[in-house]
Amino acid sequence: MSDRLLEMEDFATKTGPKGVINDWRRFKLESMDQENLPPAKKELLRQMSTPGKPKEDGRSALNRKMSVQEYELLKEEDEGCLKKYRKRCMKEMHDKLSFGPRFEGVHELDSGEAFLEVIEKEHHSTVVVVHIYKVGVKGCEELNNCLDCLALEYPSVKFCRIDAVSSGAAERFSDEVLPTLLVYKAGDLLGNFLACTQHLTGEFFATDVEAFLNSYGLLPEKELAGVEDEEENDVE
C-alpha cells in the first residue's frame, strides 16, 4: 500500500465517531483554564484526561455518572472553542488529502531560463501564474501589488513575475501589451491575457484580478474561507 493510502487510512481511522469524541475531549481539556477551576472540576478533568484507562470492577455506575458530569462540563464552554476545533480539523484534513507543493509570496524570475524552468518543471497539479511587466508601464505596479495579496490567499498557486527586458523577449512584449498575465498548468498554456488591465476597471484591486481569473476557471477553491470568515465575524 502506498504512503498516501496509508496516510488516508490512518486519517479515516482517527476520525471515526469514537476517535472524534476523544480528540474533541483532548482539545477541550487543553483549551480550558484549569488553574482557575474549582477542585471538583479539576478532579473531573484529571479523570477525563485518561479515558482509555482500564475500568475497575464495581465502578460502572460511577463511570456512567462521570460521563454525565463530563457532558455538563464540556457544555459550559462557549462556541469559540468549538469553532477553533473545527478549523483545526479542517486544516488537518486538507493537509492530509491535498496534493502538490505550497508557496509563499510572488516569485521573481530573473531570466528567460528561469521562466522556462518554472513552466516545465513545476508539479503537474500546480497552477502557475506569470506576470510580465515593465517598470513605468501603467497598471504593472498595481497588478504586482494585487498578486502579492492573491499569493497569500492561494498558497497552492505559484505566482511569478518577470521584467519584460529580463525575459529576453522585450520585442515581443512591447509596452502596448503590458501588463501580460500567462497561466500554465503541467506545461500547458491555459490563459494568455495581453494588456490584461483593459479587462479591469480603471482603479482595480486584488478582488478584481481574482474575479477575472475565476471567470476563466483558473484559480482553485479558496482554502478554509468559510471557517475563517466565520471567526472574523465573531471577533467583530
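This is a short tour of the model, from its sheet to its salt bridges and then to a group of aromatic rings.

Before you start, note that this is a predicted model, in which local features need pLDDT of at least 70 and side-chain atom pairs count only at pLDDT 80 or more, while totals for chains, interfaces and linings use all residues. Residues are numbered from 1 along each chain as its sequence is written, and side-chain values use heavy atoms, with hydrogens and water left out.

**Stop 1: the sheet**

Switch to a cartoon view and look for an open sheet of five strands, with mixed pairing and the order S1-S3-S2-S4-S5. Strands (E, at least two residues) and helices (H or I, at least four) are DSSP runs numbered from the N terminus, and two strands pair if DSSP finds at least two bridges between them.

Select 107-109 and 188-193 next. These are S1 and S5, the edge strands; each has a single partner strand, so one side of each is left without a neighbour in the sheet. On average, neighbouring strands of this sheet are turned by 25° against each other, direction ignored.

Now pick residues 127-133 and 158-163: strands S2 and S3 pair there in the parallel sense over six bridges. Within that pairing, Val129 stands opposite Phe159 in S3.

Axes are lines fitted to C-alpha atoms, for helices over the stretch in contact, and angles run from 0 to 180 degrees between N-to-C directions.

**Stop 2: the salt bridges**

How many salt bridges does the structure hold? There are four, each a side-chain nitrogen of Lys or Arg within 4 Å of a carboxyl oxygen of Asp or Glu.

Show the side chain of Arg161 with that of Glu108: their closest N and O atoms are 3.0 Å apart. This pair links strand S3 to strand S1 across 53 residues of the chain. Arg161 is buried at 15% relative accessible area, whereas Glu108 is partly exposed at 45% (buried means under 20%, exposed over 50%, partly exposed in between, with a 1.4 Å probe and protein chains only).

Asp148 sits in helix H7, 13 residues from Arg161, and is partly exposed at 31%. Shared partners join Glu108, Asp148 and Arg161 into one network.

For another bridge, select Lys134 and Asp175, with closest N and O atoms 3.0 Å apart. Lys134 is in the loop between S2 and H7, and Asp175 is in the loop between S3 and S4, 41 residues apart. Both count as partly exposed, Lys134 at 22% and Asp175 at 40%.

**Stop 3: the aromatic rings**

A search of the whole structure finds four aromatic pairs. Rings of Phe, Tyr and Trp (its six-membered ring) pair if their centres lie within 6.5 Å; planes under 30 degrees apart count as stacked, over 60 as edge-to-face and the rest as tilted.

Select Phe193 and Phe212: the ring centres are 4.9 Å apart and the planes lie at 70°, so the pair is edge-to-face. Phe193 lies in strand S5 and Phe212 in helix H8 (residues 206-214), so the pair ties together parts that are 19 residues apart in sequence. Phe193 is buried at 8%, and Phe212 is buried at 9%.

Tyr216 is partly exposed at 47%, and Phe193, Phe212 and Tyr216 form one aromatic cluster.
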